[in-house]
Amino acid sequence: MKKHNYSAGPCILPQEVFKQSAQAILDFNNSGLSILEISHRSKDFVAVMEEARALVLELLGLEGKGYQALFLAGGASLEFLMVPYNVMKVDGKAAYLDTGTWASSAIKEAKHFGETLVVASSKPENYNHIPKDFTIPADASYFHCTSNNTIFGTQMKSFPQTDVPLVCDMSSDIFSRTLDFSQFDLIYAGAQKNMGPAGTTLVVVKEALLGKTGRTIPSMLDYQQHISKESMYNTPPVFPIYASLLTLQWLKNLGGIAAIEKINEAKANLLYTEIDRNPLFKGTAAKEDRSTMNATFLLVNEDHQETFDAMWKAAGISGLPGHRSVGGYRASMYNALPLESVQVLVDVMRNLENNI
């Protein structure tokens, strides 16, 4: 039976990426060697790295605008540390918007480097919305936000207009919707949502932002060092980067971000319409802040849980339970999830209603 993968991450990737990756594990570029064993300094892999970094900037519309794309290791969680290390000035401060678990974790790390001002937080309401009425201090080294909150199902639909450098964790919605990406001075994202398997992290940074903190940064944590070595300062995670390149190629061939945005909107509209229509379910996030990537919802009557769980499992659905912080269900609809899979879930929800 076909599986409909709603996992929040690591998550679904395009089927053709699996096939190409599998072939490369056996024989990469007809070299007689596996992608898992080739030198990261080999001509074949250097070409992968160069194309992946260039394709990132092309898809984001940042070519020739002073940005560098890096593929690093350590996950987005390491960037919670690297961002303030590289951008917060000595004796300076940074402004953060607290919209969920990962934003809170980023705030915790920033406090090691200087004054960390939380300009607004939706924590008292269990992060069910995006705060909108806040002020960013003009003397902050940067303003940090999380564009999409995977656990709580909320997403920023707009970003503040500010002269302060804008830093954004886009781990769970990068490449999913059209934005003016040039409004951001630094973007980072773990690969394991819309880009590839776990193991590499994308950082897109405006070079003019760097080198202004007044502190000495250890080489492995220094963005300028990684830029100078073209993401090859140490051995990069070869296979995750290769699979990310394949996913970026898939996206480009599909028509780029504008094309996938239309598909993502259709998926989200289909599911949210059913959540709002069906009296057995209710959403957990404020409607104006609902995430296109992660729909969180509950059963109105938990007595139906056993029946509903059996039904969606029988339909081949996987990865639907919600995070313990919210409970209920979470349908993660990343780029590679087809509309067909969302229809299967909606049909199950309707069947539950008809059988109660």
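Residues are numbered from 1 along each chain as its sequence is written, and side-chain values use heavy atoms, with hydrogens and water left out. Because the model is predicted, local features need pLDDT of at least 70 and side-chain atom pairs count only at pLDDT 80 or more, while totals for chains, interfaces and linings use all residues.

**Exercise 1. The chain as a whole**

Task: Work out whether the radius of gyration of the chain agrees or disagrees with that of a compact globule of 356 residues.

Solution: Start with the rule, which is 2.2 Å times the number of residues to the power 0.38, the radius of gyration being taken over C-alpha atoms. For 356 residues a compact globule would have a radius near 21 Å, and since the chain has 21 Å, the value agrees. Next, turn to the extents: the C-alpha trace spans about 65 × 55 × 30 Å along its principal axes. The secondary structure comes to 9 helices and 14 strands, where helices (H or I, at least four residues) and strands (E, at least two) are DSSP runs numbered from the N terminus.

Then consider burial, for which buried means under 20% relative accessible area, exposed over 50%, and partly exposed in between (1.4 Å probe, protein chains only). By this scale, 54% of the 356 residues count as buried. Finally, take contacts, meaning heavy atoms within 4.5 Å: of those in the chain with a separation of 6 or more, 67% are accounted for by residues 24 or more positions apart.

**Exercise 2. The surroundings of T154**

Task: Decide whether T154 is buried or exposed, and find which residues T154 is in contact with, leaving aside its neighbours within four places in sequence.

Solution: First locate T154, which lies in strand 7 (residues 154-155). T154 counts as buried because its relative accessibility is 0%. With the neighbours within four places left aside, its contacts include T99, Y127, H129 and I130, as well as A285, D289 and S291. As a distance check, G9 is 145 residues from T154 in sequence and 16 Å from T154 in space, C-alpha to C-alpha.

**Exercise 3. Backbone exceptions**

Task: Find which peptide bond is cis, with omega near -5 degrees, and state where F175 and S231 lie.

Solution: Begin with the background, which is that most residues other than glycine have a negative phi, and most peptide bonds are trans. The peptide bond from G9 to P10 is cis, with omega near -5 degrees, and P10 is found in the loop between strand 1 (4-5) and helix 1 (15-26).

Now examine phi. F175, although not a glycine, has a positive phi of about 65 degrees; F175 lies in the loop between strand 8 (166-169) and strand 9 (186-190), and with a relative accessible area of 0% F175 is buried. S231 likewise is not a glycine and has a positive phi of about 65 degrees. S231 sits in the loop between helix 5 (223-228) and helix 6 (238-254), where S231 is buried with a relative accessible area of 3%.

**Exercise 4. Salt bridges**

Solution: Side chains of opposite charge can pair when their charged atoms come close.

D139 counts as exposed at 54% relative accessibility, whereas K93 counts as buried at 19%.

A further salt bridge joins R277 and E353 (2.6 Å, N to O). R277 is in helix 7 and E353 in helix 9 (residues 339-355), so the pair links distant parts of the chain, 76 residues apart. R277 is partly exposed, with a relative accessible area of 41%, and E353 is partly exposed at 23%.

How values were computed:
A salt bridge is a side-chain nitrogen of Lys or Arg within 4 Å of a carboxyl oxygen of Asp or Glu.
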